[in-house]
Structure formats: C-alpha cells, structure tokens
Amino acid sequence: MPVHSVDTTERRSRPTPDASVSERIRARLTAANVRFNANDNIAAFLNEGELDALRDEVAELMQGVLRALVIDTSRDHNTTDTPRRVAKMFIDEVFAGRYQAAPDVTAFPNVSRLNELMIIGPITVRSACSHHLCPIMGRVWVGVLPSAESELIGLSKYTRLCDWIMSRPQIQEEAVVMLANELETRIHPDGLAVVMEADHFCMHWRGVKDNQSMMANSVMRGAFLSNADLRREFLSLIKR
Ligand SMILES: Nc1nc2c(ncn2[C@@H]2O[C@H](COP(=O)(O)OP(=O)(O)OP(=O)(O)O)[C@@H](O)[C@H]2O)c(=O)[nH]1
C-alpha cells in the first residue's frame with residue numbers, strides 16, 4: 001500500500017532525473033499552475049545557469065530542424081554555426097522578453113501634482129508573430145494623464161518596458177493590452193492610451209505577400225475612454 005497517494009497533476013509535472021532543462025522548467029510552471037504561453041514571461045521559474053543549458057538544448061534541436069530540411073551543416077560553412085546562432089537569437093535577443101526579468105524602473109512621486117497629458121513615442125517595436133515566428137516591426141505611442149497620486153517613471157523606461165513586452169512571440173492585439181497593463185500597474189494614472197501600428201512580415205514576406213497592409217490598434221483606459229476631447233487631443237498630437 002502506498003503511504004500517500006500522488007495527485008496525477010503532481011505526477012505529470014514532476015520531471016524525471018534525466019529530464020532536459022526545458023522539461024524541468026515546464027514542470028515547475030505546471031506545478032505552480034502558471035501559464036507559459038508564447039508571450040508570457042517565465043524568468044521567475046529559471047534557476048541560475050539554466051539559460052545557458054536552455055540555449056544548448058535549443059541549438060541541439062535546431063540542428064535537428066536543419067537536418068530535417070536536408071541542409072548539410074557539416075560541409076556548408078554558412079550553416080555550420082546556424083543552430084547556435086538561432087538559439088542565441090531566440091533566447092537572448094528576439095524572445096528575451098520571455099526569459100529576462102522586467103527592467104528596473106525607478107518611480108518618482110508626482111510631487112508637483114502634474115495632471116497634464118504626456119505623450120511618449122514613437123517607440124520602435126520589434127516583435128514576432130506567434131503563428132509563423134515572423135517579425136512584427138512597428139511603432140508605439142503612449143499617452144499618460146497622471147493623477148496627484150501617480151508614480152512618474154523616466155522616459156527611457158517606457159522604451160525599456162515596451163521592448164521587454166514586445167520581445168516575445170505574440171499577436172498585436174494582446175501585445176498592446178499587455179503593455180497597457182504593465183504601464184497602468186506601475187504609474188497608476190487617471191488615464192492611459194497605447195496606440196500601436198506595425199508591419200507583419202508573415203503577410204509581407206510569405207502568405208498573401210501584401211506589402212502595403214499594416215495593423216493599427218489602440219487601448220484606451222480611464223480618462224481617455226470617458227473624455228472624448230482628451231482622446232482627440234492625444235490622437236491628433238501623435239498624427240503629427
Ligand atoms: N489577429 C492577428 N492575426 C495575426 C497577427 N499576426 C499574424 N496574424 C495572422 O495569423 C493568421 C494565422 O493563420 P493560419 O491560417 O493559421 O496560417 P496560414 O495558413 O499560414 O495563413 P496565411 O498567412 O494566410 O498563409 C494569419 O492570417 C496571419 O496573418 C496579429 O498580430 N494579429
């Protein structure tokens with residue numbers, strides 16, 4: 001008779017001793033019941049040194065992808081190091097927003113009780129779609145209407161936070177909402193607006209091959225929703 005029964009979820013999420021590093025990380029996320037979609041940050045579930053091991057694991061699997069594509073990486077000098085390059089690009093560059101902790105953002109109290117519209121942008125966006133992992137390149141504008149109780153953050157931090165959120169595979173509709181949530185939590189403004197316009201290379205480079213179309217979307221919160229004049233002022237200023 002077993003001394004205690006093991007819940008099937010627990011058993012499923014427990015890695016075997018020879019589990020790969022990605023399996024160990026996934027087991028921790030599953031045990032904590034934490035979502036790990038393509039656009040989620042999982043930095044809190046990585047242990048010291050695991051990013052290096054994860055890079056090695058991705059490189060090894062990438063080698064398998066090239067093999068399956070019938071590319072002779074042993075004799076083609078251009079592709080010999082491609083698996084490692086791609087692994088490094090995914091983990092340390094284009095999807096770094098999944099694996100790195102949020103940037104440090106110093107917040108200052110709004111001592112002058114500023115309550116005028118601020119606009120930051122255009123902030124360059126580099127992201128990727130979660131369907132084809134093709135680039136999404138675009139621009140973001142942020143409008144903030146602070147309240148007396150708001151925290152103010154440095155200008156560069158808008159770009160850092162935007163880059164952190166965008167450096168993940170995702171869809172644009174979710175990206176703008178995630179960015180708005182992040183800014184709202186940190187600034188506690190009376191109103192927040194985020195507008196993004198971007199080119200999707202899954203539409204330009206492949207698929208429909210429509211080079212002209214882009215996507216624009218916006219998130220309006222608080223005063224930007226309730227005050228049409230404020231919304232108009234923001235939208236007319238970013239059009240300049
Ligand atoms: N809504 C939305 N769709 C996106 C975004 N990025 C890419 N897509 C679309 O996601 C869809 C994926 O569609 P699928 O039919 O599964 O993939 P597919 O057969 O390769 O589609 P095609 O691109 O039409 O060749 C495509 O229509 C893409 O254009 C985004 O940010 N938001």
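## Contacts between two helices

Two residues are in contact if their C-beta atoms, placed from the backbone, lie within 7 Å. In this predicted model, Leu-161, Cys-162, Ile-165 and Met-166 of helix H6 meet Ala-175, Met-178, Leu-179, Glu-182 and Leu-183 of helix H7. The residues of this contact are eight nonpolar, no polar and one charged.

Two packed helices are described by the angle between their axes and the distance between the axes. How do H6 and H7 score on each? H6 spans residues 155-166 and H7 spans residues 172-187. Their axes come within 10 Å and cross at roughly 140°. An angle over 145 degrees would count as roughly antiparallel. H6 and H7 are therefore oblique to each other. Their crossing is right-handed.

## Overall build

The protein has 10 helices and seven strands. Its C-alpha atoms fill a box of roughly 65 × 55 × 30 Å, taken along the principal axes. There are 240 residues, and 25% of them count as buried.

Consider the contacts with a separation of 6 or more: residues 24 or more positions apart account for 69% of them.

## The annotated span

An unreviewed UniProt entry carries the annotation "domain: GTP cyclohydrolase I" for residues 60-238. In the model, that span is 41% helix and 27% strand.

## The loop between H2 and H3

Helix H2 covers 21-31 and helix H3 covers 50-68. The loop between them holds Asn-33 and Gly-49. Are these two residues buried or exposed? Asn-33 has 8 C-beta neighbours inside 10 Å, so Asn-33 counts as exposed. Gly-49 has 9 inside 10 Å, so Gly-49 counts as exposed too.

Gly-49 and Asp-92 are 43 residues apart along the chain. Their C-alpha atoms are separated by 14 Å.

## Backbone exceptions

Most residues other than glycine have a negative phi, and most peptide bonds are trans. Which residues have a positive phi? Asn-33 is one of them, with phi near 60°. Lys-209 is another, with phi near 50°. Lys-209 is found in the loop between helix H8 (201-204) and strand E7 (215-222). With 8 other C-beta atoms within 10 Å, Lys-209 is exposed.

The peptide bond from Gly-121 to Pro-122 is cis, with omega near 0°. Pro-122 has its place in strand E2, residues 118-129.

Technical notes
Residues are numbered from 1 along each chain as its sequence is written. This is a predicted model: local features need pLDDT of at least 70, side-chain atom pairs count only at pLDDT 80 or more; totals for chains, interfaces and linings use all residues. Axes are lines fitted to C-alpha atoms, for helices over the stretch in contact, and angles run from 0 to 180 degrees between N-to-C directions. Helices (H or I, at least four residues) and strands (E, at least two) are DSSP runs, numbered from the N terminus. Angles under 35 degrees count as roughly parallel, over 145 as roughly antiparallel, 65 to 115 as roughly perpendicular and the rest as oblique. A crossing is left-handed if the near helix is turned anticlockwise from the far one by less than a right angle, and right-handed if clockwise. Ala, Val, Leu, Ile, Met, Phe, Trp, Tyr, Cys and Pro count as nonpolar, Asp, Glu, Lys and Arg as charged, and the others, Gly among them, as polar. A residue is buried if 20 or more other C-beta atoms lie within 10 Å of its own, exposed if 12 or fewer, and partly exposed in between; C-beta atoms are placed from the backbone. UniProt positions are given in the numbering used here, feature names are shortened, and annotations may be inferred rather than shown by experiment.
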